[in-house]
Structure formats: structure tokens, C-alpha cells
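Reader: I'm new to reading protein models. Could you take me through this one?

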Amino acid sequence: MSVTSVTHKRVLGHFRNMLSAEGFKVSVAPGGSTVPYDALVIEMEAPAEGEPSWQIELSFLPFMEEQLENVSILQFFAPLSVGLAENVENEMNWLITRVNTKLPLVGFGYLEEGKVVYFKHNAVLLNNAQTGNYQQVREIVTMIGFLVTNFRTALHAVANGEKSGREALVGHPFEQLYL
């Protein structure tokens, strides 16, 4: 059973309709026994030929409505890879920390449990402001798409043990910013 409130379900439905109208492939994953809250799942295109597509999951942080007045917190979560080669955690953490220090939205992360490299961002949305909130959500989705497209290859190279964090940034379009 989902812990997502009726109001938040309606808002996720509104975002689904608006994003669908713009050509995004979206679906709603209802909360259940594994994940207790509803999530809006946006299928994103592969950044390059031969690479897999990826997704952004949007969900309202559960149990926060009583703690907040007139706002809600919407979480954007994009798992990018599962599993790491042996002995690369320090390199992965170095790369993530280095990249996150200069991003317009933060950020990339690594979850030891499950060995998941991800992008996560939380946004505060005004309640009862659907048009403004949709514009904010649309811009965040676009920015996450840009950031993942630009850093996914470097993150994968480190996760697979092919390169160190520093080596993954050599030749990167933003190399001068990070090295």
C-alpha cells in the first residue's frame, strides 16, 4: 500500500500529463511492499549510440506533510549504475566529490548498500502552484539530463575499474574546471 498522499498522487499525475505532452516517456509506479511511495518514472534517452537508456524517478518525500507548511519536497533520483569493480570506491568517491563541488544541481552519489552510483536532487515545491511547479520540475529534469549525459561515461569508467577518477576527467569537456 502506498504512503503517498492523495494530493501528491494528483500532482504526480499532473506532472505525468505535462511531461507526456512534451514527448517524454513517463509512467507512475505505485507504492507497494518494496517501495512504499508512488514514483513518477521518466525514461531518458541514452546519451550516446550503444549506451543504455536511463530513468529519473520523482517522488514526494513521505511523512513530511505534517512537518512542512505550504510546501512539499520532491525527490529526483536517477540510478546510473549498479555494482563496482573491486577496490574502486575511493576513486569513485573522489570523482563524485570533485564533480559535485561545481555543479548547478547536486548531485552525484554512491550508495554502498547495493553499490549504486546515482544522481539525486531534492526540490521544495509550493503547494497549490501547479504551473510554476511544473516549470521548475521541467527545468530540473532537463538539467539532470544534461549533467548525466556529461558525466555518466566518466562515472562508468571508474565504476568498472577502467580509470581512476582523475583519468576519467582527462579529455572531458569540463576538464579545466575539475583538474
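Reader: Which residues line the second largest pocket?

Author: This is a predicted model, by the way. In it, the lining of the second largest pocket is made up of A29, P30, G31, V35, Y37, A39, V41, E57, L58, S59, Q75 and F77. Strand 3 (54–60) provides the largest share, three residues.

Reader: What makes E57 a lining residue there?

Author: A lining residue has an atom within 4 Å of a pocket point, and E57 is listed among those lining the second largest pocket.

Reader: How is that lining divided by residue class?

Author: Eight of its residues are nonpolar, three are polar and one is charged. The space in this pocket is about 200 Å³.

Reader: And how much space lies in the largest pocket?

Author: About 260 Å³. Its lining has 17 residues, with T7, H8, V11, N127 and N128 nearest the centre. Helix 1 gives the most, five residues.

Reader: Why are helix 1 and helix 3 called oblique to each other?

Author: Helix 1 (residues 6–21) and helix 3 (residues 130–159) have axes that cross at roughly 60 degrees. Perpendicular would take 65 to 115 degrees, and roughly parallel means under 35, so the pair counts as oblique. The crossing is right-handed.

Reader: Which residues of the two helices meet?

Author: On helix 1, H14, F15, M18 and L19 meet Q130, N133, Y134, V137 and R138 of helix 3. By class, that contact has five nonpolar, three polar and one charged residues.

Terms used
Residues are numbered from 1 along each chain as its sequence is written. This is a predicted model: local features need pLDDT of at least 70, side-chain atom pairs count only at pLDDT 80 or more; totals for chains, interfaces and linings use all residues. Side-chain values use heavy atoms; hydrogens and water are left out. Axes are lines fitted to C-alpha atoms, for helices over the stretch in contact, and angles run from 0 to 180 degrees between N-to-C directions. Helices (H or I, at least four residues) and strands (E, at least two) are DSSP runs, numbered from the N terminus. Angles under 35 degrees count as roughly parallel, over 145 as roughly antiparallel, 65 to 115 as roughly perpendicular and the rest as oblique. A crossing is left-handed if the near helix is turned anticlockwise from the far one by less than a right angle, and right-handed if clockwise. Contact means heavy atoms within 4.5 Å. Ala, Val, Leu, Ile, Met, Phe, Trp, Tyr, Cys and Pro count as nonpolar, Asp, Glu, Lys and Arg as charged, and the others, Gly among them, as polar. On a 1 Å grid over the protein atoms alone, a cavity is a set of points where a 1.4 Å probe fits but cannot get out, and a pocket is an open set with protein on both sides within 12 Å along at least five of seven lines; lining residues have an atom within 4 Å of a point. Grid points are joined across faces, edges and corners, and a volume is the space filled by probe spheres set on the points.
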